[in-house]
Amino acid sequence: MANPAVTYEDFNAEESAVREEHIEIIRQEAEWFDLTPIEKKLCGASLGLGIALLAVFLVVFRL
């Protein structure tokens with residue numbers, strides 16, 4: 001019958017795998033990329049449209 005107890009080697013190997021995965025996630029989160037010109041235009045258009053609609057709604061619903 002197999003011993004169900006977890007050995008130190010099992011725990012250490014699992015901890016090492018988790019640590020490596022955690023380091024990889026941190027490395028991926030640290031990377032960022034500049035926006036492309038089309039993304040900048042889309043953000044500007046969305047912001048402009050949002051502000052314009054806010055102004056329109058404020059004027060319309062104040063009447």
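Areas follow the Shrake-Rupley method with a 1.4 Å probe, and for residues only the protein chains shown count as cover.

The model is predicted, with local features needing pLDDT of at least 70 and side-chain atom pairs pLDDT 80 or more, while totals for chains, interfaces and linings use all residues. Residues are numbered from 1 along each chain as its sequence is written, and side-chain values use heavy atoms, without hydrogens and water.

The structure holds 1 aromatic pair (ring centres within 6.5 Å; planes under 30 degrees apart stacked, over 60 edge-to-face, the rest tilted). The ring centres of F57 and F61 lie 6.1 Å apart with planes at 45°, so this pair is tilted. Both residues sit in helix α2 (residues 37-62), and because they are 4 residues apart, about one helical turn separates them. F57 is partly exposed at 46% relative accessible area, whereas F61 is exposed at 68% (buried is under 20%, exposed over 50%, partly exposed in between).

As for the whole protein chain, it has 2 helices and 0 strands (DSSP runs of H or I, at least four residues, and of E, at least two, numbered from the N terminus). Buried residues account for 0% of its 63 residues. Its accessible surface is about 6300 Å², with 67% belonging to carbon and sulfur atoms.

Methods
Rings of Phe, Tyr and Trp (its six-membered ring) pair if their centres lie within 6.5 Å; planes under 30 degrees apart count as stacked, over 60 as edge-to-face and the rest as tilted. Buried means under 20% relative accessible area, exposed over 50%, partly exposed in between (1.4 Å probe, protein chains only).
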